[in-house]
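Visitor: I would like to learn how to read the contact between two chains and the packing inside one of them. Could you take me through it slowly?

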Amino acid sequence: MNWSAPLPGVVLVGTVLVAGAYVASVLDAGAARLVAGRPLRVGELVAGPWREAALLARIRRSTTERPDAQTWALAPALLAAMAGVAVATVPLAPGVAVADVDDGIVLFGAAMAVVMVGAFLHGWSSNSVFPLVGGYRFVALALSYEMPLALVLIAAALPAQSLSVGAIVESQQGLWNVVRQPLGLPLFLVAGMGLAFWGPLGMSDGADLAGGTGVEASGPDRLAWALARHFVLVAVAVMGAAVFLGGWQGPGLPGALWMAIKTLVLLAVVVGVGHRVARIRLERFVVVAWAVLIPLALVDVFASGALAL
Amino acid sequence: MGLLSAAAGRAEVPVFPVVGVGGRQAAEALWLMPGIRVVDSPRAAVLLVVVGRLTRALLHPTMLVHDQLPGPRATLWWPGAGGATPDDGAQGTEDLLAALPDVVTTVPGDTAGLLAVFADLLSGRRPSGRPALVDVEYPRWRGVGPHGHGGEGMMGGVPFGRPLAEMADDPDGLMLDQLPLRVGPFFPAWPPGLILDVGLQGDVLRGVAVGDNPYRSWPGDEPVGPLDTALFLATRTMATTVAALEVARARHHLRWLSRTLRGHGLAARAQRVGALAQSLSVDDRPVVEALARRLGRDAGLAAATSGVGIVDRAALERVGIDRYGGPVARAAGLGIDARTHDPAYADLGFAPVIHHEGDARARLRQRAAEAAQALSLAERAGEIVRPPGRPVEGPRGVLAPREPLPSSALLALLPDLLDGLEWGDAVTTVASLDLDLEEAALDQSVATWPARTSGGPTGASTTGAAPTSTGPAPTGPAPTSRVTP
């Protein structure tokens, strides 16, 4: 099938995002129960996201005084679209990619940079104090995520001698990048967690702001934002699986299944960390990002470059 | 639609609690109830649960919160939370019931009743609650300024009831916008009832003032609901076993730890600690010791709390906490503890736990260590009975007859402590002090309390520790700052 045709492409990307978001929600609820020491009721876990979504769909939308209604509606759409662009660049099985373009990781990086715009607009639009503070928090942090993200992706591209995600997957035949470039995946996941404002890096939607950019959203708006945020997380996990865990490569099972398993593992790691690690202070994270993460990412680039020569 | 409603009716119930007098513990128990999810914003809630009695000062904020629930919505009232009776001077509650005739009154902790109201609401058998307030037409802009809004130029003034930003110096010597903002009394990251008037420069707090305590807003509002330190206060007139006191202390600190973990984005870990606190007994000593060690080593928590909200000896002396002891003082290196000289503890080998940094991290480790120590003392104390009347070391500091309660002094720390902090650090700092606005409210009637013996903890006077004022509080916006028109 021609996956780069409009309809199959949209269906494929949409399916990956929705299925991934659902699995991430189930994993999240399961991890919460494990950490809280409550019984793990599989039936409830599996039905939970659907029930929650149904409830949010039933709750009325609310508005604020003089909101920026267009940008409020645009914000989750923008986030979801950027997650879609990111997933489109990744081959999900041999020959199954919507847009395995020559400069796939550049496109991915660009899409992730636009996430900042979505998060800021979401905070800005409701014309309320805490959401605005949340939006500015994301802007203050975005560069600290994007720099290490771009650098570790460049390092991963070096052995492949290509910026295409498909070529990077091929280049890991026999040796995955997670082993070849041990710094890459952890840095990528930290940055990815930040871009999905997840767990310890969820400052823009943190409990200290009573929900940050999402304080004023209700019902379907809240659902849209939660979905969009999960989509970004899924996009990060899919890209991580392709670039660092060998993508669809693996013995025995079909490529698509390997890809799903690897994505699931990364989602589980991120979700688990989210329940174990406290929210990080803004100021401290920026210092750590520029004094530790970015230098480490540079080391990753230089070491990978030296090895590739 | 039928299928959607059926699925929605089986979702976890999003609940926003409003904590009235005597309601804090029942409200915190909501976090542990299966099938219920406590949410941070009224916009995310379907049920508003009013726990305890409302004073008149809490009425208007409660109505504001109520009207921000998007609907379908319903309000539950848990009146007798913590033993307070409905007719116990609850003028605010009566007014609320008059304004919202469809409030459902149930027993505190009645999960089944709560779930039934939710199911009725989702299935359409119960209509969504009507607004408590009517839309207000604000007077037209007046005053100076080209737009007649009361400020200068494009800044300042209160057009349409919303304060505009003014220019003010920032810590770097620049002139920047400063937005006046009132946060509370139901801001979920703060102790219930705390109202702070702050100036926000970006997310930096400037010029912090503690608002009137809404738990005591009218001469008729007697905040005599049981405090979380009730057992310790009761030692004035009642003999208690040391073991009971120490288990209560450990439980108090674990509850605080649970709230703090939640504030740091660790809701699941908070739930585990909260459940431990609820069923705590002397046998849990190893569990609590392990927890204290783990929390002490936790790198994420360390990064979130170290260096934040430093309370030094000078600050302690300024507000008089150096006389109370308590975990805040001991975390700053001040080894005051009433148990040191308490004959009931003489054979237990008690020595106070002390940390020196005085920051939020030290207070976290202090309380975790004291919880473990308390259970160890309880284990050794056996049947030792403590006679009534002597000053007792409460979970926040020394409780002595005719002395102000520690929360008042702790509250007085806030303005200086929070000034110049980034919002997240300010929230961490407030949480780390373990404030109780009800205790602070009770303080003002302390003189009417029976005193069995004379002599304070260190014979000190009562000056310098009464920061809150009485009188009708100006009502203000509730946790979120916008009201749907």
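Visitor: How many salt bridges does the rule find across the interface of chain A and chain B?

Guide: A salt bridge is a side-chain nitrogen of Lys or Arg within 4 Å of a carboxyl oxygen of Asp or Glu. In this predicted model, the rule finds four across the interface of chain A and chain B, including the one that E422(B) forms with R137(A), whose closest N and O atoms are 3.2 Å apart. Local features here need pLDDT of at least 70, and side-chain atom pairs count only at pLDDT 80 or more, while totals for chains, interfaces and linings use all residues. Residues are numbered from 1 along each chain as its sequence is written, chains are lettered from A in the order in which they are written, and side-chain values use heavy atoms, leaving out hydrogens and water.

Visitor: How many residues of chain A are in contact with chain B?

Guide: Contact means heavy atoms within 4.5 Å, and by that rule 43 residues of chain A meet 61 residues of chain B.

Visitor: Which residues have the most contacts inside the largest nonpolar core?

Guide: Such a core is a set of buried (under 20% relative accessible area, 1.4 Å probe, protein chains only) Ala, Val, Leu, Ile, Met, Phe, Trp, Tyr and Cys residues joined through side-chain atoms within 4.5 Å. The largest has 93 residues, and L47(B), L114(B) and W423(B) have the most contacts inside it. Domain 1 (2-123) and domain 2 (230-448) of chain B, with bounds from an automatic or database domain assignment, both contribute residues, so this core lies between them. Apart from it lies another core, of 84 residues, L79(A) and L233(A) among them.

Key: Buried < 20%, exposed > 50% of the residue type's maximum accessible area, 1.4 Å probe, protein only.
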